[in-house]
Amino acid sequence: MKLTLRQIQIFLAVVEQGHLTNVAKSLGLSQSAVSMSIKEMESVIGRPLFDRINKKLILNEVGRNFHQAVAPLYKQLEDLEYEFRNTRDKGTVRVGASTTIVDYLIPPIACRYMGTYPEVRVQLKEGNTRDIAEMVKAGELDMGFVEGDVQDSEIITEIIGNDELIIVTANEKIAGRSWTIEELASERWILREEGSGTRQVFLDYIKETAPRLNIFLELGHTESIKSLLRSGKPITCLSAISVQREIEEGQLFKVDVQDFHCVRHFHSIYHKDKYRSELFVKFLEFSREMIGEAMTCRGCENK
């Protein structure tokens with residue numbers, strides 16, 4: 001094999017960054033060294049990979065095919081290197097979770113796992129469903145746990161539990177009677193931001209009966225929404241697990257909405273080209289089991 005990993009690394013960097021100057025700076029090379037590496041690669045392959053247009057390197061049809069073939073292979077090699085620096089039951093797992101899961105489910109799971117395997121570290125990142133999916137796709141996370149649907153051919157998803165969404169308020173007048181979702185549509189709603197799984201599932205569920213909701217405020221975190229709810233009149237739709245304590249303490253009330261049974265799935269997600277190390281598989285299976293058990297127990301309590 002005449003191609004080197006260094007040449008492939010430089011090739012991928014040129015494709016990603018576009019300018020030789022930027023690539024040279026990021027890799028600690030001279031611009032002439034980057035240019036020479038590309039020429040040597042093209043010489044080995046026997047055909048140009050780039051068109052030279054206005055002093056820019058632009059992938060041609062051969063280059064595009066080569067990039068499509070070599071990029072996942074290089075990612076697998078990176079994953080292998082990462083894995084063998086992190087031996088079995090020792091290393092770091094990069095985990096992302098969307099808001100409800102990161103606030104109420106994943107932290108105790110991660111702590112329990114690290115208690116069982118002291119040499120494992122869990123790096124936890126929070127974001128909405130769209131954020132987590134993008135980080136998984138970019139290889140910035142090993143796995144994610146999200147509340148919304150992820151439709152991407154590069155991401156593998158699996159249902160790991162069910163979660164009920166309910167409508168809540170601190171307004172006793174609203175909570176004191178039964179409503180239809182159409183009647184509530186004109187009330188003042190606070191919802192999560194665009195990209196939130198909670199928002200996506202709720203709006204999809206009511207789109208036929210209440211397509212025009214009076215959304216007067218959007219916030220990026222569940223706790224912020226609950227804080228504003230306690231100020232009085234607004235209503236919202238949140239995960240039942242996120243408001244359980246406030247409902248039990250009488251700070252918030254579940255609104256009785258006729259024929260409203262909004263149940264969503266929690267999903268685990270990871271990249272289809274992700275190398276599935278033993279550490280990866282063990283933590284993924286452990287988290288799936290714990291989340292599934294937590295949601296099953298809650299479902300039993302609510303019956």
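A nonpolar core is a set of buried Ala, Val, Leu, Ile, Met, Phe, Trp, Tyr and Cys residues joined through side-chain atoms within 4.5 Å. Buried means under 20% relative accessible area, exposed over 50%, and partly exposed in between (1.4 Å probe, protein chains only). The largest such core here has 25 residues. A search of the whole structure also finds 20 salt bridges.

This is a predicted model, in which local features need pLDDT of at least 70 and side-chain atom pairs count only at pLDDT 80 or more, while totals for chains, interfaces and linings use all residues. Residues are numbered from 1 along each chain as its sequence is written, and side-chain values use heavy atoms, leaving out hydrogens and water.

**Nonpolar cores**

- Within the largest core, the residues with the most contacts are Ile-101, Met-143, Phe-145, Phe-283 and Ile-291.
- Elements giving two or more residues to this core include strand 3, helix 5 (99-104), strand 13 (262-271) and helix 13. Helices (H or I, at least four residues) and strands (E, at least two) are DSSP runs, numbered from the N terminus.
- Helix 13 supplies the largest share of this core, 7 residues.
- Leaving aside neighbours within four places in sequence, Ile-291 is in contact (heavy atoms within 4.5 Å) with Ile-101, Leu-105, Ile-106, Ile-109, Phe-145, Ile-160 and Phe-266.

- A salt bridge is a side-chain nitrogen of Lys or Arg within 4 Å of a carboxyl oxygen of Asp or Glu.
- Asp-89 and Lys-282 form one, at 2.7 Å from N to O. Asp-89 lies in the loop between helix 4 (61-85) and strand 3 (91-97), and Lys-282 in helix 13 (residues 278-302), so the pair ties together parts 193 residues apart in sequence.
- Asp-89 is partly exposed at 23% relative accessibility. Lys-282 is partly exposed too, at 25%.
- Asp-142 and Arg-94 pair at 2.8 Å, N to O. Asp-142 sits in the loop between helix 7 (129-137) and strand 5 (143-146), and Arg-94 in strand 3, 48 residues apart.
- Asp-142 counts as buried, at 3% relative accessibility.

- Arg-288 and Glu-285 meet in a salt bridge of 2.8 Å, N to O. They are 3 residues apart in helix 13, so about one helical turn separates them.
- Arg-288 is buried at 12% relative accessibility, whereas Glu-285 is partly exposed at 41%.
- Salt bridges also link Glu-223, Lys-226, Arg-245, Glu-246 and Glu-249 in a network.
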